[in-house]
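Here are my notes for you, written as numbered points. Have the picture open and follow along as you read.

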Amino acid sequence: MPSRAQTLERAARLRSYFEAAGAEPVETPVLQPAETLLDLYGEDIRGRAYVTSDALRGEQMLRPDYTVPVVQKHMEHGAEPARYTYAGEVFRRQEHDPDRANEYIQVGYEVFDRENPAAADAEVFALIAEALNGLHLRAATGDIGILMDAVRGLKTTDRRKTALMRHIWRPRRFRALLDRFAGRAPVPPTRAALLEAAEPLAGDTPKIGKRTGAEIADRIDALRADAQAAPISDNELVGLETLLAVRETMPFALEQLRDVAVDLPQITPALDRLEARIEALKARGVDVAGLDFEASYGRTSMEYYDGFVFGFYAETRPDLPPIATGGRYDALTRQLGNGAEIPAIGGVLRPGLMLELEEGAQ
Amino acid sequence: MSLKLGVPSKGRLMEKTFAWFEKRGITLSRTGSDREYAGRVDGIDGMSLVLLSAGEIPRELAAGRIHLGVTGTDLVHEKLPRWEQQAEQVAPLGFGQADLIIAVPACWVDVDTLDDLDAASAAFRARHGHRLRIATKYHRLVREFLTDSGVADYALVDSQGATEGTVKNETAEAIADITSTGETLRANHLKILEDGLILRSQATLWRSRVARCADADKAVLDDLLDRLHRVA
């Protein structure tokens, strides 16, 4: 195992490498206000991050990643365009796998640039790929933006689309919703009874709690309206299923997705972006013909990414987490920007894992 | 050294545990005054009784400070991540049955499933500006269950007792707690979600996988397990 000093030395070198590419080095506090992270990720983050507290400041989290504080910093007073790099510890609870580190060094590179997103995607990917050169890693890529555009363009109610978008990162719930909206899953008996009741709120059950009768009535109205809405068509459903199953090298994936766009024309702009990204990667010298693309990649673990996503894996060491990951997070800048927004993409590397692989290769 | 058995120090759980062992020819009893937590074991040699709070027994098993312990499945699963590595179930004792469930106000006629809870949570957050609060003391079990089920926009708030009252007091919108008959839930105008069963629990005899066992202790343990299995 590499020593901490070795890892820090490698981290410093990687940070210098990103500085040479034009990034400004930034630091963020280890203790982050819990509220921001809880608002973004919900209660799930408590299973992944360490929470501590004091009587004055309330709940704080040990920095689970740098992206959120770096985005906040940029949205407050960043110049445009901007490139940042950082190196330091992040902390993750590991309650299911004692072999995974709960504290490790991360080095990152983030680009905030509205001019040419495809070029920025290619820049971040190519710089990270170059830093990992010689480790013989498999790169996987995807693009959550294609699925998001597919959902936004479905010929169904806004309410259904909002519900699907909300669960884009939770594949099981997404699937369950889709089956229901497509009329494939049976209506639960309680729901059927509720819809048939003439005055469902008429009972003498005491009204308790903060959720008001008006809110309950609103939801019943929404459920009634939904029961009247036509199911999502087979055409669109098959289109979505085909889209989610695409797993090919980049140029072939694009070709298959162009076929899907016959049924789901709303993904065409996203596919144009993918095509522009492929060209930009080529221009950077990346071998796109050998680069894997999975349309479902990054759906479960990378919640704030909403466009291009990537990861680098050591195939000889399936026990290791990805050595590097990254992606585009335009929507996160909007959420943290108080009205402002800017297209942004970033990636992180784990120097400790890089050293471990190098040691293993010797 | 002796083989240490941890048993809940008071209440029905202790009495029923004593009765369960009695049926198997082992007499457990408290010694000294009512307030003194000391006990003795008759009917088997080389075993000693440790009286503890039921909530501390999982931790003591995991630390290997007791070889055997009686406590609920709910507490072992909540307090010990990867509990299988640390404790082994010897025998369910057939009492202390309770289900860990999610319950919402009975007046929520539009909410019967986790799917409904998720949709109501999204609307609640948009309306009230904070996430829908679920009061519980089983934070880990509830969070993992809801993550697995894909429920979002909720917040867990800690409640160590009288959890059923939190909704009426408006410190939570829903609860996750153990119930055996559902009586307390009904009295507090709450109903269980159809698919809201997180865990079925009952009082269980556990063996620590990490407690160090001298040869003599091992012989006592084998003898004990043998006797328990003959009856069961």
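The points below go through chain B, from its domains to its sheet and then to its side facing chain A.

1. Some ground rules. This is a predicted model, where local features need pLDDT of at least 70, side-chain atom pairs count only at pLDDT 80 or more, and totals for chains, interfaces and linings use all residues. Residues are numbered from 1 along each chain as its sequence is written, while chains are lettered from A and ligands numbered from 1 in the order in which they are written.

2. Start with the domains. Chain B is split into domain 1 (3-96 + 203-231) and domain 2 (98-201), with bounds that come from an automatic or database domain assignment. Their centres, taken over C-alpha atoms, are 32 Å apart.

3. Now see where these domains meet. Six residues of domain 1 of chain B and eight residues of domain 2 of chain B make the contact (contact means that C-beta atoms, placed from the backbone, lie within 7 Å). On the domain 1 side, helix 3 (residues 73-79) of chain B has the largest share, four residues. Helices here are DSSP runs of H or I with at least four residues, strands are runs of E with at least two, and both are numbered from the N terminus.

4. Next, find the open sheet in chain B: five strands in the order 4-1-5-12-6, with mixed pairing. Two strands count as paired if DSSP finds at least two bridges between them. Strand 4 (47-52) and strand 6 (87-92) of chain B are at the edges with a single partner strand each, so one side of each has no neighbour in the sheet.

5. Zoom in on one pair. Strand 5 (residues 68-72) and strand 12 (residues 203-208) of chain B run antiparallel and are joined by five bridges. Look for B:Gly69, which stands opposite B:Trp206 in strand 12 of chain B.

6. Which helix lies across strand 1, strand 4 and strand 6 of chain B? That's helix 7 (residues 215-231) of chain B, running at about 50 degrees to strand 1 of chain B. Such angles run from 0 to 180 degrees between N-to-C directions, with axes fitted to C-alpha atoms, for helices over the stretch in contact.

7. Finally, turn to the partner chain. Chain B puts 33 residues in contact with 30 residues of chain A. Helix 4 of chain B gives the most to the chain B side, with seven residues.

Definitions and conventions. Contact = placed C-beta atoms within 7 Å.
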